[in-house]
Amino acid sequence: LTLPQFVQLMDNFIGEDIPLPTVKRLAAFIKGEYKQTEEEKMKQLEKAHHMAHMAQRKQLLEALFEKWDSNACGSLDLEEVVAVLSTFKGDMGKEALMKAKERLCSQYPQLSRVGKLSPKAFQTFLELIASKFTGNEDETIDNLVRFLTTTVEQSHTKSLQSSARRKWLQDIQQAAETGGTSMEPVYKAVIKALTQDMEAHGDNKRISAYIALLEENRLSPEQGQAVLRYVACTADDAPYVLNQVLHRDMKGVSFAAVDQGKPIYVPRVQHHGNIHFWNPDRKEERRGSLLVLPLYDAHWRVFGILGLDTLQDPCQKSIFLTHEITFYEGVCHAFSKAYHHICMRENVLQVAVTALDWLYPRTPSIHTVTTYLVTPGKDKNYALCRVITTDNTGQKEIHSSPVVLLRNENLLRDYLFKCTDSSEVTLTSVYGEHHIAVPLHDLSRKTLGIFDISIGQHKKLPRQEQKDLQKMLKMAQAACSEILQRSLEETQPTQVLEAERAANVKHAGILFHRFMLQELRECF
């Protein structure tokens with residue numbers, strides 16, 4: 001138990017309105033009765049030491065990854081890393097490297113296709129290499145890190161450029177984490193990152209930028225299974241580009257980028273002949289460069305494109321440089337993380353909606369249920385976003401603009417923050433109204449969201465209602481865990497068009513019923 005969990009356990013145990021002498025007697029009893037053997041103490045110390053060591057190793061390898069990824073691309077080229085590592089410890093190192101690479105490719109099947117290492121795959125690779133050597137694994141990893149660090153040298157200018165770019169990419173992620181389930185803040189952050197970088201590191205070129213996502217083609221399937229719908233763009237292009245749909249049989253190189261899974265760069269648009277112009281005025285200009293980059297999900301499947309062009313730039317020889325293209329790949333990576341984070345939140349909300357629909361007719365003693373999601377707050381603190389309110393008639397209000405609760409401004413709702421801190425059920429009474437705050441956990445058992453269940457003046461629910469509530473909470477947690485598990489890089493994907501958000505959300509609701517059905521089957 002962590003400290004917040006222990007405090008919450010004791011708080012739930014003693015309940016409300018307990019006199020202070022009774023609390024002191026309980027504390028004295030626990031102090032006197034709790035005995036820890038020397039073996040238990042050593043195991044606990046070893047576990048704490050191991051966890052601290054693994055956290056330190058993770059930080060070390062993340063810092064190494066960032067140093068190698070100087071253009072903030074978000075991934076490293078596998079063969080480049082292998083080429084450098086092949087000189088580590090001579091022939092013995094080469095043998096360990098090849099064995100580790102083989103294991104890595106079996107763990108991450110997409111590597112043989114895309115050849116890109118994510119931060120997690122990079123860490124796994126180094127740990128696999130270290131495990132192939134005899135001797136202390138930690139020492140081998142330390143030697144590997146020192147060896148790889150010395151191969152990367154950055155100038156002061158390059159370091160400043162990299163730092164600025166990382167800040168803009170972090171802004172994209174922050175927009176996703178603080179914007180509820182709206183994509184608009186993310187789109188704005190992406191366009192802002194691209195324009196800021198162009199001003200600071202791109203000779204102030206004038207660019208147009210746009211994002212298009214793959215959708216199922218339901219209206220005219222004879223033109224192809226999927227279409228690209230343009231969901232965001234620079235302000236000047238909005239009248240021509242926003243909400244347009246590109247089909248496979250139309251001019252353009254975007255579907256080639258989707259199919260090949262690689263950036264397509266057209267340095268001289270006027271000489272290409274297969275470019276689609278949404279703005280008819282551009283057909284006469286046709287001067288400048290065009291770059292189309294695929295958007296990948298965590299499983300390296302393409303779900304859309306990021307496009308940039310310099311057709312509005314007055315300099316006719318305006319081209320994209322290598323360091324710019326690499327940074328744009330980093331923007332694609334940041335956008336993908338942000339996009340799928342919001343998809344995950346939408347799916348969790350759909351699970352909550354489905355679970356509450358199931359619960360309402362079975363628990364008339366429950367007055368209201370308010371659902372919160374945990375989001376980053378100010379100064380490294382967190383906030384709680386109220387996203388769903390359900391009254392005693394079963395009517396739900398889904399808040400498109402979530403109400404944000406901060407701890408220091410909501411003292412009467414401090415029980416919600418205690419629930420978040422401990423990630424344990426919290427019981428309390430506010431103005432005579434009894435509340436049960438139940439956390440939804442992420443895969444590391446941190447609090448992802450909270451059900452704040454008000455049961456009015458009842459101190460507890462009737463037995464059958466309590467059983468139904470527990471069943472609902474169990475199934476909701478199982479469905480959320482499944483959603484989070486599927487988003488992991490190592491998990492094999494099950495869907496084709498990641499951008500079919502409506503279909504994904506519907507599937508999330510079905511997950512709840514699937515787990516409920518499995519539970520019923522096990523009872524018979």
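**Interfaces, salt bridges and cores**

Analyst: Across the interface of domain 1 and domain 4, the rule finds zero salt bridges, a salt bridge being a side-chain nitrogen of Lys or Arg within 4 Å of a carboxyl oxygen of Asp or Glu. This is a predicted model, in which local features need pLDDT of at least 70 and side-chain atom pairs count only at pLDDT 80 or more, while totals for chains, interfaces and linings use all residues. Residues are numbered from 1 along each chain as its sequence is written, and side-chain values use heavy atoms, with hydrogens and water left out.

User: Into which domains is the protein divided?

Analyst: The bounds come from an automatic or database domain assignment. They give domain 1 (3–33), domain 2 (41–151), domain 3 (206–317) and domain 4 (342–523). The C-alpha centres of domain 1 and domain 4 lie 28 Å apart. Six residues from domain 1 and ten residues from domain 4 make up the contact, where contact means heavy atoms within 4.5 Å.

User: What area is buried between domain 1 and domain 4?

Analyst: The size of an interface is often given as the accessible area lost when the parts come together. Here the buried area (accessible area, 1.4 Å probe, that two parts lose on being put together, summed over both) is about 630 Å², and carbon and sulfur atoms give 44% of it. On the domain 1 side, Q5, Q8 and E16 lose the most area to domain 4, together 65% of what that side buries.

User: Which parts of the chain does the pair E324 and K205 link?

Analyst: The closest N and O atoms of the E324 and K205 salt bridge are 2.9 Å apart. This pair links distant parts of the chain, 119 residues apart: E324 lies in helix α14, and K205 in the loop between α10 and β3. Both residues, E324 and K205, are buried. A network of salt bridges also links R57, E127, E137 and D138.

User: Which residues of the largest nonpolar core touch the most other members?

Analyst: A nonpolar core is a set of buried Ala, Val, Leu, Ile, Met, Phe, Trp, Tyr and Cys residues joined through side-chain atoms within 4.5 Å. The largest has 39 residues, and I172, V186, I211, L308 and F335 touch the most other members. Elements that each supply at least two residues include α9 (156–178), α10 (184–201) and β3 (208–216). Helix α14 gives the most, with eleven residues. Setting aside neighbours within four places in sequence, V186 contacts I172, A175, A176, F335, A338 and I342. A second, separate core of 38 residues includes L349, A352, C385 and F515.

Technical notes: Buried means under 20% relative accessible area, exposed over 50%, partly exposed in between (1.4 Å probe, protein chains only). Helices (H or I, at least four residues) and strands (E, at least two) are DSSP runs, numbered from the N terminus.
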